[in-house]
Amino acid sequence: MFLFVGCSSAKISERERSQRTAKITKFYKEWKGTRYRLGGTTKSGVDCSALMQHLYRDKFATALPRTTKTMAEKGEKVKKRNNWEVGDLVFFKIGWRKTHHVGVYLGKNKFLHASTSKGVIISNIDEYWNDHFWQVRKVL
């Protein structure tokens, strides 16, 4: 008898990576520039967790909880940065109140998210976000 066990450090295939990238890119083109609105869930204004809900439901047929805090409890935590994959959720804690923020990893230290100042954009984790990094979770 053989037992195969999944692991959060397992890499996805190039084909899967390309498919995920294409889906996320298409989603980004549909939502790019949508303004940020706390509690917002539509293209007239969206917050970070609602954006991830739309992405995962529409492009990956995966349901996510409504809040960033509860999203951060789903899937498997990915401890090593070199094990992050396209489609993983990236989480941050911002400000003295440690407000939670979420986006989706695109590879090459880039992630898609709903920025409070610029709306739906792609940002580089190594810039502002690096100091606020919290965790990465694999939900796909």
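Of the 140 residues of the protein, 46% are classed as buried (under 20% relative accessible area, with exposed meaning over 50%, for a 1.4 Å probe and protein chains only). The structure is a predicted model, in which local features require pLDDT of at least 70 and side-chain atom pairs pLDDT 80 or more, whereas totals for chains, interfaces and linings use all residues. Residues are numbered from 1 along each chain, and side-chain values rest on heavy atoms, without hydrogens and water.

The secondary structure comprises three helices and eight strands, assigned as DSSP runs (helices H or I, at least four residues; strands E, at least two) and numbered from the N terminus. From the N terminus, the order of elements is α-β-β-α-α-β-β-β-β-β-β. Among contacts (heavy atoms within 4.5 Å) between residues at least 6 apart in sequence, 55% join residues at least 24 apart.

Helix H1 spans residues 14–31 and reaches 26 Å from its first C-alpha to its last, close to the 26 Å expected for its 18 residues (1.5 Å times one less than the number of residues). Within H1, Arg-17, Arg-20, Ile-24, Phe-27, Tyr-28 and Trp-31 are buried. Viewed down the helix axis, these buried residues fall within an arc of 105° and therefore line one face of H1, the arc being that of the directions from the axis to the C-beta atoms. The buried residues of H1 pack against several elements, including helix H2 (48–60) and strand E5 (99–107). The face of H1 turned away from its buried side carries the exposed residues Glu-14, Arg-15, Lys-26 and Lys-29. Just after H1, Gly-33 adopts a positive phi of about 85°.
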